[in-house]
Amino acid sequence: MTDTDAYIRALEVFNPLMEPTVCAAIQALGLPSGSRGLDAGCGIGLQTLLLAEAVGPAGHVTGLDISPEFLTYAEGIVAEAGLSDLVSFQEGDVRKLPFEDSTFDWVWSSCCVGYAAALEPLSSVRELARVVRPGGSVAILVWSSERLLPGYPLLEARLNGTAPGIAPFVAGKSPELHFSRALGWFRSLGLEEPAARTFVGDAHAPLTDEVRDALLALFEMRWPGVESELSPEDRAAYGRLCLPESPDFILDHPDYYAFFTCSMFSGRVA
Ligand SMILES: C[S@@+](CC[C@H](N)C(=O)[O-])C[C@H]1O[C@@H](n2cnc3c(N)ncnc32)[C@H](O)[C@@H]1O
């Protein structure tokens, strides 16, 4: 399996856990029916589809991503949903969007602008705002926290204190660049009504196979290669609790419970 195939699979497997939370965030935005928007860094188009459903048959959503492989896959997903007339996809870079000023009524970017380590947040949010008409909205959604190891807060804190654990943030970077400072980016760019809202998702035993697979994909996404940074004791505890081949794999605990948050930062173009 190539890296791209693995990433596509991870996004798909993870989606059942993520989708209700994303739907709640989209609903809270109140996108006008019939409006035209951009999903910047759309991945395989799973959220592009939700955005298209939110604006209805008179609206239109453009999904943009830097990866042509993801876009090909996204086109298939949208065609399968019968929404190809309402959605189009375009290859491009969020740092230099291939659109005129004020092209869209709104722009949405989930776990891309403001999140991906390689994207300088202020200039990328400015670029999103450039393509939105005055009065339109700019929203970024980020994965902001989680509790996945019930009963093991110290182990989880130490996992989250590793380099993979704080990713996409990087130790030593300016605090201003952390996504939790996004209100400051919106303010400094002159976006009106800057707002931050938090959306919570959860899962508890008995887990469906779908949610169990999604949580397993999440463990792999949150703590890839974490073992090398752990003490021998923590490495043993991680192996015992977080790896599916272990008899004590925590997702098999009869009282398993987890929650996570996504944070949405939004503002209006002046
Ligand atoms: C974590 S995925 C999120 C995908 C989707 N928005 C979601 O939440 O399911 C990040 C996406 O951003 C895209 N991306 C990263 N850098 C980009 C750039 N400079 N321009 C456009 N897309 C970019 C990646 O190809 C990937 O599809």
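Guide: Happy to! Let's begin with Ser 35, which sits in the loop between α1 (3-29) and β1 (36-40). Those labels follow DSSP runs counted from the N terminus: a helix (H or I) needs at least four residues, and a strand (E) at least two. Residues are numbered from 1 along each chain as its sequence is written, and side-chain values use heavy atoms, with hydrogens and water left out. The model is predicted, so local features need pLDDT of at least 70 and side-chain atom pairs count only at pLDDT 80 or more, while totals for chains, interfaces and linings use all residues.

Is Ser 35 buried or exposed? Ser 35 counts as buried because its relative accessibility is 3%; buried means under 20%, exposed over 50%, and partly exposed in between, using a 1.4 Å probe and protein chains only.

Leaving aside residues up to four places away in sequence, Ser 35 touches Val 55, Gly 59, His 60, Asp 105 and Trp 106, where contact means heavy atoms within 4.5 Å. With Trp 106 there is also a side-chain to side-chain polar contact of 2.9 Å. Such a contact is a pair of N or O atoms within 3.5 Å; within protein, one must be able to donate a hydrogen and the other to accept it, and residues adjacent in sequence count only if both atoms are side-chain atoms.

Now for the ligand. Of the 16 residues around it, Tyr 7, Gly 41, Asp 65, Asp 93 and Ser 110 come nearest, each residue counted having a heavy atom within 4 Å of the molecule. A side-chain N or O atom of Ser 110 is 2.8 Å from a ligand oxygen.
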